[in-house]
Amino acid sequence: MIGTRLAALVALTLLVGRGYAASLGGRKTQAPKSPVVKLWSQTAEFPHDPDAFTQGLEVWGETYFLESTGQYGRSDIRKVERKTGKVVSQASLDRELFAEGVTRLGEEIFQLTWREGLILKWRFTSKKGFTLDSKSMWSGEGWGITKGLGSLWVSNGSSVLTEVDSRTLKPKRSIKVTLSGEEFDRLNELEFKDGKILANVYMSSTIVEINPKTGVIDGLIDLGPLTPKGLSIEAVANGIAWDESNKRLYVTGKNWPKVFELKLK
Ligand SMILES: [Ca+2]
């Protein structure tokens, strides 16, 4: 796993440049603690629709994923059988909407839109599939969304994560995310795990682990070894789903042909 660790450090150094290099060099200022590189092993892999421009991923019971896919004219919401990648239910969005992150809280499913200022609320029944319940206004861009600590959490591509009231869909508070003391942006797809927020970093193969109280990044996961070769530059890692029941992390990316199941060490 040394290779993985090195890859992660290289990726990290590229990501944050001098901030991390300085902390690696043991600069004798009151430098914040550097994040821990979290190692993993792959325990399984499953087919994933290579046409899915994945913007959000979450486990749905023990058998399915909830997935959101983006792009204008192609955005949808889907229920996907985990082991086969088969789309068992799907609903398309209006052509002028670009879907982003998605999360499910009880009966309600919340899906973000990118620049359209809307959060879509869906319901799902086995009879009717996905039905659009309501559209709520949202200020600014929507990138990732997840649930945790009794709230929803939204990213917008910046360094800010916003805690949102799941009933009113109004912001409660915001946190600024930092890495080794420096503001850290491009936070994308989100997932709560063990009280921490995992976030894909846009245009990288790195997932950061964020303390939701302080905004401090205290862990890093490098998906470099899993990134498929030969895809477009847009086919970045984007899709994190944590399964608490089997303690596995599922990751994929935009147009990736596979979902990977990982055990974190
Ligand atoms: Ca997620």
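Let us start with an open sheet of five strands, in the order E1-E20-E19-E18-E17 and with mixed pairing. Strands here are DSSP runs of E with at least two residues, helices are runs of H or I with at least four, and both are numbered from the N terminus; two strands pair if DSSP finds at least two bridges between them. Strand E1 (36–37) and strand E17 (187–193) stand at the edges with a single partner strand each, so one side of each is left without a neighbour in the sheet. E1 pairs with strand E20 (residues 217–222) in the parallel sense, over two bridges, and Val36 stands opposite Gly219 in E20.

A word on what you are looking at: this is a predicted model, in which local features need pLDDT of at least 70 and side-chain atom pairs count only at pLDDT 80 or more, while totals for chains, interfaces and linings use all residues. Residues are numbered from 1 along each chain as its sequence is written.

Stepping back, the protein chain has two helices and 23 strands.

Now follow the chain to strand E21 (residues 237–243). Five of its seven residues are buried, so E21 is largely enclosed by the rest of the structure. E21 pairs with strand E22 (residues 248–253) in the antiparallel sense over five bridges, with Ala237 opposite Gly253 in E22. The two strands form a hairpin with four residues between them, and Lys247 in the turn has a positive phi of about 55°.

Val251 is in contact (C-beta atoms, placed from the backbone, within 7 Å) with residues including Leu223, Ala237, Ile240 and Phe260. Val251 is also one of the residues that touch the most other members of the largest nonpolar core, which has 55 residues; such a core is a set of buried Ala, Val, Leu, Ile, Met, Phe, Trp, Tyr and Cys residues joined through C-beta atoms within 7 Å. The largest share of this core, four residues, comes from strand E18 (residues 196–201).

Finally, look at Ser155 in strand E12 (residues 151–155). Ser155 is buried, with 30 other C-beta atoms within 10 Å. Its contacts beyond four places in sequence include Trp143, Leu187, Leu190 and Ala199. The C-alpha atoms of Ser155 and Arg186 are separated by 8.7 Å, although these residues are 31 apart along the chain.

Terms used
A residue is buried if 20 or more other C-beta atoms lie within 10 Å of its own, exposed if 12 or fewer, and partly exposed in between; C-beta atoms are placed from the backbone. Two residues are in contact if their C-beta atoms, placed from the backbone, lie within 7 Å.
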